[in-house]
Every structure is written in structure tokens, then in C-alpha cells.
Amino acid sequence: MAKNEELVFGIHAVNSLINAAPERFIEIWLLKGREDDRIMPIINLSRKYGIGTQLASRKALDEKSEGEQHQGVIARVRPGKSYTENDIDDIIIAAEKKGVPPFFLILDGVTDPHNLGACLRNADAAGVQAIIVPKDNAAQITPTVRKVAVGAVESVPLVQVTNLSRTMKQLQKQGVWIVGTAGETDTCLYDVKLSGPMALVMGAEGKGMRRLTRENCDQLVKLPMAGTVSSLNVSVATGVCLFEMVRQRSI
């Protein structure tokens with residue numbers, strides 16, 4: 001596959017992308033013999049937009065997806081828009097034009113593509129305007145991320161930045177209050193004000209936030225843990241935190 005091409009697999013991921021950006025499609029591979037109700041919308045849309053389709057065996061699709069669940073459909077597409085720190089001000093302006101305060105999710109070193117995909121899905125559901133990640137030592141958009149995110153990749157920009165601490169300071173200058181999650185703090189998530197222009201910072205799986213990231217947060221909070229486990233999966237914890245913010249923002 002050429003460097004300027006990407007693979008997208010999974011029914012939801014392909015269907016969402018073809019609805020959002022049909023011009024990016026080069027071709028679609030479909031599992032031979034599968035023409036059920038879940039696949040037909042993709043077939044109909046490919047015909048509508050003149051996207052070439054090919055039938056392929058399950059073995060061929062398995063090889064293209066490198067063992068990941070493809071659900072009988074894989075698309076070869078052109079890359080979408082990439083976002084950097086230079087786009088953050090525009091994202092804030094767009095939010096303000098809609099009459100809503102800025103709302104960001106910052107992932108500090110989340111490397112598991114399944115967790116990134118789940119965080120994208122949470123972010124989309126919560127109305128987050130962008131996810132900010134470092135360029136290095138962090139998961140990026142992959143076919144696996146797209147499949148887990150079930151379409152959220154197309155609606156939530158993933159902003160890749162070269163210096164996360166500098167970007168956090170950039171947000172603070174724009175009036176964004178940054179709340180980080182850390183198990184060592186005594187402040188509970190449910191005891192702080194989480195409305196207005198906000199950014200939530202979630203640390204890496206196991207390690208949490210890096211020292212500089214923690215120091216650049218305006219406030220640290222933790223989730224109350226009543227059981228024997230010491231922490232939640234990062235995507236689960238992200239969902240809990242985001243929707244507490246959603247609750248407070250809607251009051």
C-alpha cells in the first residue's frame with residue numbers, strides 16, 4: 001500500500017467515512033457471498049459515488065486487516081486532514097461561534113489503539129471538540145482505532161502536538177481550565193466545578209501523567225474507588241470524567 005493511502009475496516013467505520021468523505025475512497029473490498037442488510041448500505045453508497053468494489057475471500061481480507069476483525073469489508077482510502085497545534089485556536093473560535101465553551105480531551109501517552117478508539121467514541125458522545133495527543137509515544141489513527149471508534153474519527157479531530165506542555169499553556173492563555181486525573185490527590189471529581197472552557201487530561205495506561213503534564217494542570221482530581229482495584233481502564237475513566245463534565249455543563 002502506498003504511503004499516501006490508508007486502510008479502513010469494519011462496517012461502522014467504512015459506512016461513517018463514506019458518508020462523511022466519499023471523495024477519499026479509492027476502492028472497497030467485500031467478502032464474497034455477503035450481501036446482508038448491514039453490508040448493503042455500503043454497496044449502495046459505493047455505487048452512488050462511483051467507488052470501485054472488489055469481492056475477496058475471507059483469507060485475503062484477514063491478511064489485509066492483519067488478523068483484526070474486519071466484518072467483511074475493507075476500504076483503501078486517501079488520508080484525511082491532519083491537525084496540529086496550529087489548528088487549536090480555530091477549533092476554539094468555531095466552538096465559540098456555536099455558543100458553546102471549548103471542551104478538549106488531552107491524552108498523555110495513551111499507546112493502546114483500542115483505548116484511543118474508545119476514548120474517541122467517548123469524546124464524540126460527550127461533545128468534545130478535539131482530542132490532543134503528543135506526536136511521539138502515543139497511539140495514532142490506525143484501522144483498529146477507526147473500527148473501535150465506530151465513526152468518531154470523522155467527527156472528533158485528533159490534534160498531534162510536538163510539545164504537550166506548551167500546548168497546555170496555549171490553552172490556558174485562551175481561558176481554558178485544565179483538569180488532570182491523578183490517584184495521589186485528595187480531591188474527588190464530583191467535588192469540583194467542571195463547567196466553562198475545560199480540558200480534561202488523562203494519563204497513560206499504568207503510568208499516568210508525566211511530571212510536566214501534571215505540573216501544568218490547573219487542578220488534579222481522582223475518581224472515588226470503593227472496591228479492591230486501584231484504577232479503571234483509561235477509556236472507562238475517561239468516559240466517567242467526561243460525562244460528569246457534560247452534566248455540569250448542562251446545568
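Two strands pair if DSSP finds at least two bridges between them. Helices (H or I, at least four residues) and strands (E, at least two) are DSSP runs, numbered from the N terminus. Before you start, note that this is a predicted model, in which local features need pLDDT of at least 70, side-chain atom pairs count only at pLDDT 80 or more, and totals for chains, interfaces and linings use all residues. Residues are numbered from 1 along each chain as its sequence is written, and side-chain values use heavy atoms, with hydrogens and water left out.

**Stop one: the annotated domain**

Select residues 7-83, which UniProt lists, in an unreviewed entry, as "domain: RNA 2-O ribose methyltransferase substrate binding". Such annotations may be inferred rather than shown by experiment, and their positions follow the numbering used here, with feature names shortened. This stretch is 34% helix and 26% strand, and its end C-alpha atoms lie 19 Å apart.

**Stop two: the open sheet**

Now show strands E1, E4, E2 and E3: in that order, the 4 strands form an open sheet with mixed pairing. E1 (6-9) and E3 (52-56) stand at the edges with a single partner strand each, so one side of each has no neighbour in the sheet. On average, neighbouring strands are turned by 25° against each other, direction ignored.

Zoom in on E2 (residues 25-31), which runs parallel to E3 and is joined to E3 by 5 bridges. Pick Trp 29 and look across to E3, where Gln 54 is its bridge partner.

Axes here are lines fitted to C-alpha atoms, for helices over the stretch in contact, and angles run from 0 to 180 degrees between N-to-C directions.

**Stop three: two helices together**

Select H4 (residues 88-97) and H7 (residues 164-173), which pack at an angle of about 30° with axes 11 Å apart. Which residues meet here? Ile 88, Asp 89 and Ile 92 in H4 meet Thr 167, Gln 170 and Leu 171 in H7, where contact means heavy atoms within 4.5 Å.

**Last stop: Asp 112**

Finally, find Asp 112 in the loop between strand E5 (103-108) and helix H5 (113-126). Is Asp 112 buried or partly exposed? Its relative accessibility is 31%, so Asp 112 counts as partly exposed; buried means under 20% relative accessible area, exposed over 50%, and partly exposed in between (1.4 Å probe, protein chains only). Leaving aside neighbours within four places in sequence, Asp 112 is in contact with Ala 139 and Glu 205.
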